[in-house]
Amino acid sequence: MSWYKVFGYPTGLGCLVAKREAVARLNRPWFSGGTIRAVSVGMQWHTMAPDEAAFEDGTLNFLSIPDIAVGLDWIDNKIGKCVIETRVRCLTGFFIHRLQQLRHSDGREMTKIYGPTNMKLRGGTVCFNFIDAEGTIVDERLVALESAAVGISLRTGCFCNPGAGEDAFRLNKKKLLRLLWSKTNSIDEYIELIGLPSAGAVRVSFGLASTVGDLDKFFAFAECYKDRVATTHSLAPRKQC
């Protein structure tokens, strides 16, 4: 888990919860400073540190660790986990409902939601794409630029779960094998080879600081894609890999 995503600070410090017997079965094929008991240069040999220390990359940000205790105490005693859970669930459900109501003038949907469209099997993060007046996915780079211009911060692009992305865009092994034909190793070439409509999606996440006003501001912005054909002429090529 990321503490940054729990209460906003500190960044770059998270934790992994695992049983010691499960950790003992793992075999890490490399090591960083602080994750070993001993190492030799003359002989290719090293022995890992015990338990969780073997899976840390170098020295922890120990100056920020006390902030985690303060943050957890703040949530438990000042706000309450049940309050946060209810707030996030309600805002997420309201957001999905309003997202599904977005329509072009001809009645066609303006968005494509990936994942559950109810609150039974999801958390407070919603991944989707805008659909323009011609039924084409709006390039997420354009959404990032235009939302930033009105003071809205959205996560856009490809995310950390390639399996979810392949499922969302219905990519099978036959299509993915075309990546082996790549000659330039550019992301734009990858997209063209496998026929992707875009490189990723738009992601909205809710937390303890989110408000209904945030939703209202987002949906006021979303109206700019109604009855619009969104082009990518003004966008620079994606960066080389």
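Residues are numbered from 1 along each chain as its sequence is written. Because the model is predicted, local features are reported at pLDDT of at least 70 and side-chain atom pairs at pLDDT 80 or more, while totals for chains, interfaces and linings use all residues, and side-chain values rest on heavy atoms, with hydrogens and water left out. The pLDDT, which is the predictor's confidence in each residue on a scale from 0 to 100, has a mean of 89 over the chain, and 99% of the residues reach 70 or more.

Four strands form an open sheet in the order β3-β4-β6-β5, and their pairing is antiparallel; two strands are regarded as paired if DSSP finds at least two bridges between them. Strands β3 (111–114) and β5 (155–157) stand at the edges with a single partner strand each, so one side of each is left without a neighbour in the sheet. On average, and with direction ignored, neighbouring strands of this sheet are turned by 30° against each other, the axes being lines fitted to C-alpha atoms, for helices over the stretch in contact, and the angles running from 0 to 180 degrees between N-to-C directions. Within the sheet, strand β4 (residues 125–130) is joined by four bridges to the antiparallel strand β6 (residues 201–205), and Thr125 stands opposite Ser205 of β6. A further antiparallel pair, also with four bridges, is made by strand β1 (residues 36–40) and strand β2 (residues 45–48). These two strands form a hairpin with four residues between them, in which Ala38 stands opposite Thr47 of β2.

The largest pocket holds about 1200 Å³ of space. A pocket is here defined on a 1 Å grid over the protein atoms alone, as an open set of points where a 1.4 Å probe fits, with protein on both sides within 12 Å along at least five of seven lines, and lining residues have an atom within 4 Å of a point. Grid points are joined across faces, edges and corners, and the volume is the space filled by probe spheres set on the points. The lining comprises 34 residues, of which Val204, Ser205, Phe206, Gly207 and Ser210 lie nearest the centre of the pocket. At least two lining residues are supplied by each of α1 (3–7), α3 (65–79), α4 (81–101), β6 and α9.

Accessibility was classed with a 1.4 Å probe on protein chains only, buried meaning under 20% relative accessible area, exposed over 50%, and partly exposed in between. Glu140, which belongs to helix α5 (residues 140–149), is buried, with a relative accessible area of 2%. When neighbours within four places in sequence are left aside, Glu140 is in contact (heavy atoms within 4.5 Å) with Thr156, Gly157, Ser198, Ala199, Gly200, Ala201, Val202 and Arg238. In helix α8, the buried residues are Glu189, Ile191, Leu193 and Ile194, and these buried residues pack against α7. Just after α8, Gly195 adopts a positive phi of about 75°. Val229, in the segment after α9, is partly exposed at 42% relative accessibility, and its contacts beyond four places in sequence are with Asp132, Ala133 and Glu134.

Several backbone features lie in loops. Most residues other than glycine have a negative phi, and most peptide bonds are trans. By contrast, the peptide bond from Tyr9 to Pro10 is cis, with omega near 0°, and Pro10 is located in the loop between α1 and α2. Thr11 occupies the loop between α1 and α2 (20–24) and is exposed, at 51% relative accessibility. Asp51, in the loop between β2 and α3, has a positive phi of about 55° although it is not a glycine, and is partly exposed at 38% relative accessibility. A positive phi near 55° is also found for Arg170, which lies in the loop between α6 (162–168) and α7 (173–176) and is exposed, with a relative accessible area of 58%.
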